[in-house]
Amino acid sequence: LERCLRALEPGDEIVWDDPCDTLMVTDPPHRSFECKWVDADCNPCTGIEGKETLIQWVGTTAPPPPNSNTDPTLDPLLNPTLSAYVSPAGDREVILQWDNSSELRVDPISGEDLFEGYRVWRVDNWQRPEGSIGPAPEEWMLIAEFRKNPKDGLGFQSPSHISEATIREIESTGQTEDVPPKDIYPIGRYQYVDRDGIINGKVLFYAVTAFGVTTRINPTTGEVETVELGGLPAATETEAVIAQWVAQEGAIDCEKIAVVPNPYRGRASWDLIPSEQDPTGTKIAFRDLPNELATLRIYTLAGDLVQTLEHDGRGGNGTCFWNLITRNGQNVVSGIYLYSVESANEICRGRFVIIR
């Protein structure tokens, strides 16, 4: 019951009935040399020699993007292959890591290894336009490129050689079945640290794409020309990266703990347009918190409890954000507020101002 797909002559009618949705199943041709076989019985365990074939409808394409540490679903505590993983959010820096999965795929049409390198992209000053789920294509800017063969031929000049992003201490987790086999590396095989204009607390987006190089005959000149095939960056709001202040180690210095910005004025530079998930779009940050469990309490000058926040700084995160919503679900009003940070070893106190 498997289905043969064939390239038709120009002008031929294309007839396709989906056997997974309809009973209109036609008999497949039996000349396998003409065919790309696909699943026609909705059973993924059957096919030519028990295998299925993935059809690449658009022909030769760029290598797929690698897996990176900006994926919010990754959990290094549950996944042993993420032993080299680090959180991308640093203190006035973003640490990007990715694996080598882009290098393990060959072009499905030609069977060639087209991989040439990686490109790193960033989005600044995203405001969450109404209806947006992430940055628009025109908002991405290229901030780094790593190639196996830099264009200027000088090796470690511009753009960078891929070895400049390679972390050689990372061990492979296995090999592919190719001949010869290729080493499989986890996230952490490559790393790029961005410190250019990074402001703690601001929303940033990053994407790592792969690109390849192939040749084709120019239909006009008849000459062979080199063509680059590159993937496009993309991200959703859940993949946002926010650089944060690190936690205090050892004895707690209460003078270091602070509120940013202070005073908070309506529509601070890092605020976003409100959404259903974030109805205010606003926040302040408590910075340089201790490297331990802590409870933050916010009070009015009259001593009324406004909100309680729990913070776990044991992983090194010294930042706790508050969305300016009270424990009763209301927006806080303008005024002077008091706070306390209580941990096992210290209680620190301070004040901050909100101006609506």
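Me: Which residues line the largest cavity?
Reply: The model is predicted, so local features need pLDDT of at least 70, side-chain atom pairs count only at pLDDT 80 or more, and totals for chains, interfaces and linings use all residues. Residues are numbered from 1 along each chain as its sequence is written, and side-chain values use heavy atoms, with hydrogens and water left out. On a 1 Å grid over the protein atoms alone, a cavity is a set of points where a 1.4 Å probe fits but cannot get out, a pocket is an open set with protein on both sides within 12 Å along at least five of seven lines, and lining residues have an atom within 4 Å of a point. The lining of the largest cavity is Asn125, Trp126, Gln127, Lys202, Val203, Ser269, Trp270, Asp271 and Leu272.

Me: What is the volume of the largest cavity?
Reply: Grid points are joined across faces, edges and corners, and a volume is the space filled by probe spheres set on the points. The count is one cavity of 30 Å³ or more. The volume of the largest cavity is about 50 Å³.

Me: Where is Pro261?
Reply: The peptide bond from Val260 to Pro261 is cis, with omega near -10°. Strands (E, at least two residues) and helices (H or I, at least four) are DSSP runs, numbered from the N terminus. Pro261 sits in the loop between β13 (258–260) and β14 (264–265).

Me: What is omega for the peptide bond from Asn262 to Pro263?
Reply: Pro263 also belongs to the loop between β13 and β14. The bond from Asn262 to Pro263 is cis, with omega near 5°.

Me: Is Leu324 buried or exposed?
Reply: Leu324 is a residue other than glycine with a positive phi, near 65°, in the loop between β18 (320–322) and β19 (335–343). Buried means under 20% relative accessible area, exposed over 50%, and partly exposed in between (1.4 Å probe, protein chains only). At 0% relative accessibility, Leu324 is buried.
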